[in-house]
Amino acid sequence: MTVRALAVAHVSESPRVAAARPAWQWLRRSPLAFIGGVVLLLVVLAAIAAPQIAPHDPARQSLVRRYVPPAGFTGARAEHPFGTDQIGRDVLSRIIHGARISLLVGVCAVVLSSLFGVTLGLVSGFFEGRVDTVIMTVVDIMLSFPALLLALAFAAALGPSLTTVILVLGLTGWERYARVVRAEVLALRERDFVEAARAMGARAARIVLRHILPNTLSSVIVLATLQVAQAILAEAALSFLGVGTGKAYPTWGQMIAQGRDVVTIAWWLPTLPGLAILVTVLSINLVGDQLRDALDPHVR
Amino acid sequence: MTRVLVRRVLRLVVVVAGVSVVTFAILHASGDPVALMMPESPEAERTELRRTLGLDDPLVVQFARFVADAARGRFGDSLYHREPAMALVLARMPTTLTLACLAMAAALVISVPAGILSAIRRGSPADHAITTMVFLGQSMPVFWIGIMLMLLFGVAWRVLPVSGWTSWSSVVLPVVTLGAFLAPAQLRIVRSSMLEVIALDYVRTARAKGLSERAVIWRHALRNAALPVVTVIGLQFGIGLGGAVITESVFAIPGVGRLIVAAIGQLDFPVVQASVYVLAMMIVTVNFAVDLLYTWLNPVVRVR
């Protein structure tokens, strides 16, 4: 039986086990997704152990070592493989520390928006009627704003901080979960096992939490993975525009913004942090796409 | 048709009301905007400003006034420029719209043929190359694409200007940047809707009756694959405007995006509110138009 067929066949019986195993096999079988997974793991480890593995203090400035180019270019120094910036800070150390903010914001924002969106999607799909209309109208309203613009406006009103960025990205990203989960609930509630649970006298809360929710999880996991990538890009954009997590710690978006001002004399300053974003987001997307193929055969 | 129309118009009204609530909330999200605007002034001056701005009225009164004013395009004077906020926004809107529309057109010119090619030659080297580009494109921040293009064409080769919005040559890089940001999502939709249509029975019938491959694709498949593309163009309008805000910041283009970013830095709330409101209204209108177009193009929806 193919992985796809397995995933489908098991959905109605024990969705969690069926979902987890073929997904892992699928991931191993696809070399690209495997590479993505390994790279992602390295980025996560680098973020966790940043103070230990970063060669220098990311905030230490040095007037005599400004604009040191990266390794391989004339004037490079062995102790600064990625060069230094306009006030002599080590670029590699700043990129390693920047991974912390990106991943932290990405994961926290997605946890927040998925909790919010899944709950609303379950309620909306299961109870239908007026509740459904209200929730879906709110979704429509949220979709009328460019998410970035909304995040920008509220980030500015609340003042730049890590919490603000997480809150703002978490509260602008939940519509997708609500839509996906609602659609799944509408399909699932007509299925026999839900009917059986109802016939046995299960209460609504039990049906939703024990029988419907587990069956929506595979779509939610896929969506959440891909949304982490989106949240990282959004955080970078907010930092780039100067309404990000503040100046206390280095972030990739902020490094690119500072590098943009000196792009004519130090090409590596905007280039390298951007590559860090590209590598991280690409890895997440590769893993997420394979997960989607494995877990979610219906949705493209 | 009339019933669908009535329902769509009702939804439009509700969404417009929602947009007003959210825009109103921007000013109040901080709790006390006056404390943000004048952090070091004595309390007496703050109270004075609160009274002039009408911030000491009950929230309901303030909201009613906001809605009435917003409907007439009045958001108050910019605290920084000392001109009506709405006039500032409208003066810069053509630039932003030009950027967004040119980028959207540029992206479509690439993504539609590439998406079709990728779908009808599924699994070929061309498909792999295109899919790889999509993946890469979707993983890059739009502002970084802009800076990399700037580095290449403006700094290394010196063939295009790196900033401004004055000559035709200065338009090229921003349009390409924003286009590269929009194209991957379009391409994905074109490809997947084309793949879906190609697998349908009527396409097989067209092939079976001996039509040329070109006629099958262009006359039969493409027409139905166009529906999701229309929807995407509507949805992308919002993303495009959001992308334009960032692109303007990269290339120092005097549009609404730069205005709004500057206004946020200066805590110029009337300008922030006016820009968000106008942009959201434009998106709502475009989505409404797309909805109608979709209903008109797709008989299945029309009947329901």
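Reader: In this predicted model, where is Leu267(B) found?

Author: The loop between helix 11 (256-265) and helix 12 (269-297) of chain B holds Leu267(B). Its phi is positive, at about 55°, although Leu267(B) is not a glycine.

Reader: Why is Leu267(B) called buried?

Author: Around Leu267(B) there are 20 other C-beta atoms within 10 Å. A residue is buried if that count is 20 or more, so Leu267(B) qualifies as buried.

Reader: What makes Tyr67(A) partly exposed?

Author: Tyr67(A) has 16 other C-beta atoms within 10 Å. Buried requires 20 or more and exposed requires 12 or fewer; the count of 16 lies in between, and therefore Tyr67(A) is partly exposed. This residue is placed in the loop between helix 4 (50-53) and helix 5 (91-127) of chain A, and its phi, near 50°, is a positive value in a residue other than glycine.

Reader: How do you know that the span of helix 13 of chain A agrees with what it should be?

Author: Helix 13 of chain A covers residues 268-295, and its 28 residues, at 1.5 Å a residue, should span 40 Å. The end C-alpha atoms are 40 Å apart, so the two values agree.

Reader: Why is helix 13 of chain A described as mostly covered?

Author: Of its 28 residues, 21 are buried.

Reader: Which residues touch the most other members of the largest nonpolar core?

Author: They are Ala151(A), Leu152(A) and Ala237(A), in a core of 154 residues. Helix 11 (residues 204-240) of chain A gives the most to this core, with 19 residues. Beyond its neighbours within four places in sequence, Ala237(A) is in contact with residues including Leu148(A), Pro141(B) and Phe143(B).

Notes: Residues numbered from 1 in each chain as written. Chains lettered and ligands numbered in written order. Predicted model: local features only at pLDDT ≥ 70, side-chain atom pairs only at ≥ 80, totals over all residues. Helix = DSSP H or I, 4+ residues; strand = E, 2+ residues; numbered from the N terminus. Expected span 1.5 Å × (residues − 1). Core = buried A, V, L, I, M, F, W, Y, C linked by C-beta atoms within 7 Å. Contact = placed C-beta atoms within 7 Å.
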